[in-house]
Amino acid sequence: MTEQSTDLRETVRRRYAAAAVQVTEGGSACCGPAAIEIDDNFGSGLYTGGERDDLPAEAVAASLGCGNPTAVADLHEDDRVLDLGSGGGIDVLLSARRVGPTGKAYGLDMTEEMLALALANQKKAGATNVEFLKGTIEAIPLPAATIDVVISNCVINLSTDKQAVFAETFRVLVPGGRIGISDVVADDALTPGQRAERGDYVGCIAGALSFTEYRAGLEAAGFTDIEISPTHAVADGMHSAIVKAAKPRTADTGAERATTSSVTPGEADSAAGCCGS
């Protein structure tokens, strides 16, 4: 990793650590935690009232996303779901309810403060089919072919190595697995300089990809059935978008078949970097 990439990752880490501390220290017995200040294009307002009411107030207050990936991810009973950049745990807890007690929802985050907040929210929610992992989205601490669905909420645009994120996502998915991601995507006409300037406004510190670049990155990783659909503008030429794609069922290489047959859900749960129960 270059010095610039290291600096950018540390900038992202500090930003989200500060957000977690704000939520943790901003609560009171009578009023609950104050939501992180953010405009209408981001945060808890993108979830339904029913979703917000059924979760710990701290999970809702810590929401920094640009969408609601659980609303579009095709989740089923028994699914194993991984949330990249899980923050305070709002999407993990929502996913855990949809996959049921026989499914599993993992959250991956590199920030100690966010992981501590997420674990507290898991306890308040009484979620027993949830596990939070410490690590980066460029090096997911789970074995290959152990996840059915990968979700993420406005986090991949923060990565300094997005192609590594796509490759790692592809690796951990089972053949036939799928992604349902909310992310910030730029118009193809914007120059890198324009994207950097406008991305700074919406918090995309490491730079959003264009629609064409996003599709090309997913294709290079091996994904098919790619759909990138803008939902609302977050800045001039910058959009919140829903990204869907699938790992081909024929992508079951010999190594992946061996991994799938030799790794039980319990063994996957104890992968390196686990912080959850």
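Is Cys 154 buried or exposed? Select Cys 154 in the viewer: at 7% relative accessibility, this residue counts as buried (buried means under 20% relative accessible area, exposed over 50%, and partly exposed in between, with a 1.4 Å probe and protein chains only).

The model is a predicted one, in which local features need pLDDT of at least 70 and side-chain atom pairs count only at pLDDT 80 or more, while totals for chains, interfaces and linings use all residues. Residues are numbered from 1 along each chain as its sequence is written, and side-chain values use heavy atoms, with hydrogens and water left out.

**Stop 1: two residues with positive phi**

Remain at Cys 154, which is found in the loop between β4 (147-153) and α7 (162-172). Helices (H or I, at least four residues) and strands (E, at least two) are DSSP runs, numbered from the N terminus. The phi of Cys 154 is positive, near 60°, in a residue other than glycine.

Next, select Asp 78, in the loop between α4 (69-72) and β1 (80-84). Asp 78 is not a glycine, yet its phi is positive, at about 80°. Asp 78 is partly exposed, with a relative accessible area of 47%.

**Stop 2: Asp 79 and its partner**

Select Asp 79, also found in the loop between α4 and β1. Asp 79 has a relative accessible area of 9% and is buried. Display the side chain of Arg 178 as well: a polar contact of 2.8 Å joins it to the side chain of Asp 79. A polar contact is a pair of N or O atoms within 3.5 Å; within protein, one must be able to donate a hydrogen and the other to accept it, and residues adjacent in sequence count only if both atoms are side-chain atoms.

**Stop 3: the second largest pocket**

Arg 178 also belongs to the lining of the second largest pocket. To display this lining, select Val 72, Ala 73, Asp 74, Val 149, Arg 178, Ile 179, Gly 180, Asp 225, Glu 227, Lys 244, Ala 245 and Ala 246. Two or more lining residues come from each of β5 (173-186), β6 (224-235) and β7 (238-246). The space in this pocket is about 160 Å³.

On a 1 Å grid over the protein atoms alone, a pocket is an open set of points where a 1.4 Å probe fits, with protein on both sides within 12 Å along at least five of seven lines; lining residues have an atom within 4 Å of a point. The volume is the space filled by probe spheres set on the points, which are joined across faces, edges and corners.

Colour the lining by class to show six nonpolar, one polar and five charged residues. In this scheme Ala, Val, Leu, Ile, Met, Phe, Trp, Tyr, Cys and Pro count as nonpolar, Asp, Glu, Lys and Arg as charged, and the others, Gly among them, as polar.

**Stop 4**

Select Phe 166 and Tyr 214: their ring centres are 5.3 Å apart and their planes stand at 50°, so the pair is tilted. Phe 166 lies in helix α7 and Tyr 214 in helix α9 (residues 211-221), and the pair links parts of the chain 48 residues apart. Phe 166 is buried at a relative accessible area of 3%, and Tyr 214 is buried at 1%.

Then select Phe 170 and Phe 223, whose ring centres are 5.2 Å apart with planes at 90°, so this pair is edge-to-face. Phe 170 lies in helix α7 and Phe 223 in the loop between α9 and β6, so the pair ties together parts that are 53 residues apart in sequence. Both residues are buried, Phe 170 with a relative accessible area of 15%.

**Stop 5: Arg 171**

Finally, select Arg 171 in helix α7, which is partly exposed with a relative accessible area of 25%. Its side chain makes a polar contact of 2.8 Å with the side chain of Glu 168.

Definitions and conventions
Phe/Tyr/Trp six-rings, centres within 6.5 Å; stacked < 30°, edge-to-face > 60°.
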